[in-house]
Amino acid sequence: MEYTKLNYKGFEKYLADKGKMCGGYFYRFKFENDYGASVVKHDYSYGSKRDLFELAVMEGNELCYSTPITNDVIGYLSNDEVLTLLKKIKAL
């Protein structure tokens with residue numbers, strides 16, 4: 001399956017890394033508040049079979065499970081939903 005890439009318009013300056021993994025893509029964003037996000041869409045991510053993204057909140061270089069946004073990863077996200085969550089993480 002050919003996955004659709006993330007359109008992260010408006011967040012270009014926060015993109016710390018991106019690439020291919022497990023037949024799909026990964027993106028890592030880092031904000032000034034030391035929070036960030038890992039966004040993936042690959043053969044093993046939640047939602048990939050429906051061409052949707054999975055997002056995890058990061059603090060520094062570690063996954064963070066203790067924010068008001070979520071205490072787990074969030075799967076089955078549209079591109080617009082990812083952008084909305086990136087805005088919320090940036091505002092933490």
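In the predicted model, Lys30 and Asp34 form a salt bridge, with their closest N and O atoms 3.4 Å apart. Lys30 is partly exposed, at a relative accessibility of 37%, and Asp34 is likewise partly exposed, with a relative accessible area of 37%. The count of salt bridges comes to 2.

A further salt bridge is formed by Lys41 and Asp51, for which the closest N and O atoms are 3.0 Å apart. This pair links distant parts of the chain: Lys41 lies in strand 3 and Asp51 in the loop between strand 3 and strand 4, 10 residues apart. Lys41 has a relative accessible area of 1% and is buried. Asp51, with a relative accessible area of 23%, is partly exposed.

Strand 3, which spans residues 35-41, pairs with strand 4 in the antiparallel sense over 6 bridges. Within this pairing, Val40 is placed opposite Glu54 of strand 4. Strand 4 itself comprises residues 53-59 and is mostly covered, 6 of its 7 residues being buried.

Strand 4 has other antiparallel partners. Strand 6 (residues 74-77) is joined to strand 4 by 2 bridges, the two running antiparallel, and Ile74 of strand 6 stands opposite Leu55. Strand 5 (residues 62-63) also pairs with strand 4 in the antiparallel sense, over 2 bridges. Here Glu62 in strand 5 is the bridge partner of Glu59. The hairpin of strand 4 and strand 5 has 2 residues between the strands, and in this hairpin Gly60 adopts a positive phi near 65°.

Key
Residues are numbered from 1 along each chain as its sequence is written. This is a predicted model: local features need pLDDT of at least 70, side-chain atom pairs count only at pLDDT 80 or more; totals for chains, interfaces and linings use all residues. Side-chain values use heavy atoms; hydrogens and water are left out. Buried means under 20% relative accessible area, exposed over 50%, partly exposed in between (1.4 Å probe, protein chains only). Helices (H or I, at least four residues) and strands (E, at least two) are DSSP runs, numbered from the N terminus. Two strands pair if DSSP finds at least two bridges between them. A salt bridge is a side-chain nitrogen of Lys or Arg within 4 Å of a carboxyl oxygen of Asp or Glu.
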